[in-house]
Amino acid sequence: MRTLLLEARCASTLADFPATSSMVPPGKKPAGETSNSNKKCKRYFNEHWKEEFTWLEFDYERKLMFCAECRQALVKNKHGKAENAFTVGTDNFQRHALLRHVTSGAHRQALAVNRQQLAFDTPRAGHPELRSLIKVEVNPAKVAVLTTVYWMAKEEIPDEKCSSLLSLQKFNLCQALLASEHSEFYHPGSVREMQAAIAKVLHNEDRHRIKASPFIGLVVDETVDVLEHRSLAVFTTTVSPCNGQTSTTFLGSFELPAGGASTVAGKVGEVMRSFGIPSMKLTWLSADSASLVAERLSGVGTALGSLCPLLTEVHCLSHGTSLLLAESISTIEYLQKYETTVDAVYRLYSSFQGEGESLQELRRVLDLCEIDLGSPKAIHWTSIFPAVEAIDSSWPTLVLLLESQAECSPVARGLCEELKKFQFVAFTKILLDVLPIFQKLSRFFQIEDFDLSILKPIVSATATTLQAQQSTSGQNLQEFLREMNKHPQDGREGESRLYYKGVELANCSQVHLKHFEHLKDSYLEKVRGNLLDRFPSSVLEAISSFSAIFNPKCYPQSLEDIGSYGVSELNFLLRVYSRVVVSERALSDFPLFKRIVFSLSQLSFKDLCVKLVYSSSEMHELFPDFAVLAAIALALPLGSVLAEKIRRGRELLQRGRSRLARDQGLSDLMKIAIDGPAISEFNFALAIECYESMRESGFIVAQVK
C-alpha cells in the first residue's frame, strides 16, 4: 500500500512540477505569482535577492515585496510623497524591477532622508560601524562611468579609449555625465581599478553559487605563450539546489611558475581555498592541456585526489577540438619534419598571386581555420584536417610549380624533393584517414545535451578503428597504393619506379617502404594510446553508469524487464561515492525509482537530474541518495557553454598579453568579458559601493602595485 501511495504522490507531483528558477524556504510553497494579465508566465520570489538587495523585505503571508529604506522614509515624511510600489508592496517578481527601483529617484531620496536621520541620531560621524549602515547613494554620473568601463571590457575596447568615449557621450549630451560631477575617483586613469571592483562583484556571486552547490566540477586550462610564460585559466561548474540548473563560471587566469603538473596542482589548491571550495565538494577535474595530460597519472589528479576523496579526473568533454593533441604525439620524429614541410608550403604559396584553384584552396584554409602565419607560435598542421586535405588535393600542382622554380630557388628545390617522396604522400593519406575520426568524435562533444550513454561505445569504436588501420590501412591509404603505377627501373633488378598522378615518387626502395610501415604503426599506436589515456576505463564506467541510472531513454522498453536493470551500474556508483550516499537505502529505493523513471521516458538525462536535485521536489525527498548522485552527474564539465567560454578565454588571454605587461589586470578584464551579464542585468550600485570601499581602504593600490 505504501508503495502505491508513493507512486501516486510522485506521479501527481511530476505532472504539476513547477518550471521555476526561484528558491523558497523549506516547507513553504512558492511565494507568489507575478501580476501578469495573461497569467501565462509564473514568477516567484527569489531568496537570493535579499543578499544582493539588502533593503529588500518579503511578506510571506501577503506575498508582496517591500523596500525597507523607502518604508522607513515614508514614516518620516508626513506628506507621504515617498510612496511608491515598494512602499505599498509589489508582486512584480523580476530582478529588472529591483534594478529599476534601486536606481530610481524615489529610492535615492529615501536613502538621503534616512542618512540625514542617521547622522542626527549618531553624532560620532567617524564611528566605524556607521559606514556599514549607510547605503551608497547611486549617482547617475558614477553609473555612467562604470557602465562605460563595463562595456569596454565586454567589447575588448582598450583602456586608453575610456577618455575619448566619455567625451563622446558628453558631446552626445549624455545627461548623467553633464548634470553632475563624479568625484575624483571616477576618471579614465582608474579604469583598471574599476574593472577590479566589477570583477569582485562577479566573483562574490561565484562564491554564493559555490557555497550553495552540493558538488563542484573544475576545468583547468594551461596555456604557454611564445616567451614560455605559463598561465592557468580555471573554470567551475556548479549546481543550484534552488532549481537544479547548472552554471559555468570563469574563476580567473593565474600565472604559473616553472614546474610540472605538481605546480599546477598547488595553484589549483590555492584557487580552491580562495573561493572557498571544500575538498569534499570537488567531484570532477578536467586538466585540458598537452603537458597536463602527459603527466596525468602522476600529476594534477593524483595530487588533488589525496585531498579530494570524490574526485574523478576526466578529459574536458566540451573541448573536443583538442582530442588529438599534436604535442602528445610529437615524439614521433617524422611528424616534426612533415609539419616543417607543410608550414613552408603554406608560407610560400598562401599569398601566391596565381589563378590556380588549388593554390586558392590554401588561402581559404588559413581563413577558415583562423591560422595566423605571422604568429610566432608553432602551428600543428598534422592536427588540422582542412590544411592536410588542401595539401593532398593541390599536391600535383604544387610539385609542378616547385619544379619550375627549382633552378632559381634552393627553397623551392628542397620542398619539391620533399613533396615527391613516397613517405610524404603516404603519410598525408594516413592523416586523411585518422583526422576525420577525431573530427566526428569532437562533434559529438559539442552537442549541448550530449547523450552520455554513447560515450563508452564511441571511444571503444574509435580505438578499434585505429587498431584496425595498423593491419589493413585506411581507405585513403589503400586507394593511394592501388593508384600507384609501377615501372621497372633500368639496370636494377627487383627495383621499380613508382608514379602517382603522373609524378615519379622518390625513396621507394624496400628499405624506405619498411621504414614507412614502422612509421605508420608507431603513429597509429601513439594516437590510440593518447585516446585511451584521455578516457580511461574507470571514467568511462562511471559516466556509463550515471547514464544507465538517470537516462530514461536507456531503460528497457517493457516494464517487466526493469527488474534487474541497472543493478550493477548502481553498485558501481555506490562504491565510488560511498562517503556521500547510504548504500542500503539506495538499493531499497531502487525498484520504485526505476518504475517512476520508466514512466518519465519523455525526459532527457539532464531533465531527470534537475528534478531530483530541485530541493523542494518530492522526488528529492523520496530518493535522497539518487538526488546526491544526480547532483554529481550535473556537475560534470560538459556542454557548448563551457566550450565557448574556454575558447573565449584563450582568445582573450592571447590578445590581452600583447597589451598588458605581466598580465596585470588581465584576469579581471577576462572575468567581465566572459561572465559579465548584459548591462541591464548587472548591479552597478553594488559595484560603486565596492569600488569606493576599495579605494578608501587602499586595497586597489596595494593590489596593483
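A nonpolar core is a set of buried Ala, Val, Leu, Ile, Met, Phe, Trp, Tyr and Cys residues joined through side-chain atoms within 4.5 Å. The legends below refer to a predicted model.

**Figure 1. The largest nonpolar core of the chain comprises 114 residues.** Within this core, the residues that touch the most other members are Tyr346, Trp381, Tyr523, Phe546, Phe550, Phe593 and Phe626. Helix H19 (residues 422–445) contributes the largest share of the core, 14 residues. A second, separate core contains 27 residues, among them Ala144, Val145, Ile198 and Phe682.

**Figure 2. Surroundings of Phe593.** When residues up to four places away in sequence are not counted, Phe593 touches Ile549, Phe550, Tyr555, Leu612, Met619, Phe623 and Phe626. Of these neighbours, Phe550 and Phe626 are also listed with Phe593 as residues that touch the most other members of the largest core.

**Figure 3. Crossing of helices H8 and H11.** The axes of H8 (residues 140–154) and H11 (residues 191–212) come within 10 Å and cross at roughly 85°. The two helices are therefore roughly perpendicular to each other. From H8, Val145, Leu146, Val149 and Tyr150 meet Val191, Met194, Gln195 and Ile198 of H11. Classified by residue type, this contact has 7 nonpolar residues, 1 polar residue and no charged residues. Val145 and Ile198 also belong to the second core, of 27 residues.

**Figure 4. The chain as context for the close-up views.** The secondary structure comes to 32 helices and 10 strands, and 50% of the 705 residues count as buried. Of the contacts between residues at least 6 apart in sequence, 72% join residues at least 24 apart. The chain exposes about 33700 Å², of which carbon and sulfur atoms supply 53%.

Note on methods
Residues are numbered from 1 along each chain as its sequence is written. This is a predicted model: local features need pLDDT of at least 70, side-chain atom pairs count only at pLDDT 80 or more; totals for chains, interfaces and linings use all residues. Side-chain values use heavy atoms; hydrogens and water are left out. Axes are lines fitted to C-alpha atoms, for helices over the stretch in contact, and angles run from 0 to 180 degrees between N-to-C directions. Helices (H or I, at least four residues) and strands (E, at least two) are DSSP runs, numbered from the N terminus. Angles under 35 degrees count as roughly parallel, over 145 as roughly antiparallel, 65 to 115 as roughly perpendicular and the rest as oblique. Contact means heavy atoms within 4.5 Å. Ala, Val, Leu, Ile, Met, Phe, Trp, Tyr, Cys and Pro count as nonpolar, Asp, Glu, Lys and Arg as charged, and the others, Gly among them, as polar. Buried means under 20% relative accessible area, exposed over 50%, partly exposed in between (1.4 Å probe, protein chains only). Accessible areas come from the Shrake-Rupley method with a 1.4 Å probe; for residues, only the protein chains shown count as cover.
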